[in-house]
Amino acid sequence: MRILIAEDDLISRKFLYKFLSRYGECDLVVDGLETLDAFLISIKEGRYYDLICLDIMMPKVDGVKVLKSIRDLENQKGIPIDQRSKIIMTTALAETELVQNAFEIGCDAYAAKPIDTVKFVEVMSKLGLIQKE
């Protein structure tokens with residue numbers, strides 16, 4: 001599995017990397033622009049990300065705008081729905097409006113920080129990314 005971790009907070013980024021690297025190859029980015037660059041490169045190379053962990057509050061471009069751009073790019077490139085990246089939004093904020101907006105745009109799941117790894121594994125399993133342990 002190819003995983004993109006978009007997280008500006010160093011501790012959260014290291015935690016997600018350590019936790020998710022057992023499931024696949026992880027790339028790390030620290031802001032919205034780097035996230036879009038990494039996604040564009042993956043499309044150009046034909047090596048799509050299976051999972052993108054996307055922080056809602058990031059510098060340069062926030063996670064919701066990045067999410068919208070990714071879904072727009074997938075539509076433009078004609079990527080079939082079953083081959084599109086699964087996107088899990090992560091946030092320490094309990095902003096229901098932001099989360100609702102993210103679901104409307106096309107995120108697949110939401111994880112509150114601090115990340116509950118048991119729940120995260122359940123979500124990845126439900127999204128068909130892994131077999132339940």
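## Ground rules

Residues are counted from 1 along each chain as its sequence is written, and side-chain values use heavy atoms, with hydrogens and water left out. Because the model is predicted, local features need pLDDT of at least 70 and side-chain atom pairs count only at pLDDT 80 or more, while totals for chains, interfaces and linings use all residues.

## The largest pocket

On a 1 Å grid over the protein atoms alone, a pocket is an open set of points where a 1.4 Å probe fits, with protein on both sides within 12 Å along at least five of seven lines. The largest pocket holds about 150 Å³, a volume being the space filled by probe spheres set on the points, which are joined across faces, edges and corners.

Its lining (residues with an atom within 4 Å of a point) is made of Ile-88, Tyr-110, Ala-111, Ala-112, Pro-114, Ile-115, Asp-116, Lys-119, Phe-120 and Val-123. Strand β5 (109-112) and helix α5 (117-126) each give at least two of the lining residues. Helices (H or I, at least four residues) and strands (E, at least two) are DSSP runs, numbered from the N terminus.

Pro-114 sits in the loop between β5 and α5.

## Two helices side by side

Helix α3 (residues 63-76) packs against helix α4 (residues 96-105) at about 5°, with the axes 9 Å apart. The axes are lines fitted to C-alpha atoms over the stretch in contact, and angles run from 0 to 180 degrees between N-to-C directions. Angles under 35 degrees count as roughly parallel, so α3 and α4 are roughly parallel to each other.

Who does the touching? On the α3 side, Val-64, Leu-67, Lys-68 and Arg-71 make the contact (heavy atoms within 4.5 Å), and on the α4 side Leu-98, Asn-101, Ala-102 and Ile-105 do.

## Rings and single residues

Rings of Phe, Tyr and Trp (its six-membered ring) pair if their centres lie within 6.5 Å, and planes under 30 degrees apart count as stacked. That gives three aromatic pairs. One is Phe-15 with Phe-19: centres 6.4 Å apart and planes at 15°, so the pair is stacked. Both lie in helix α1 (residues 10-20), four residues apart, about one turn of the helix.

Lys-60 has a positive phi of about 70° although it is not a glycine, and Lys-60 is in the loop between β3 (51-55) and α3.

Key: Parallel < 35°, antiparallel > 145°, perpendicular 65-115°, else oblique. Phe/Tyr/Trp six-rings, centres within 6.5 Å; stacked < 30°, edge-to-face > 60°.
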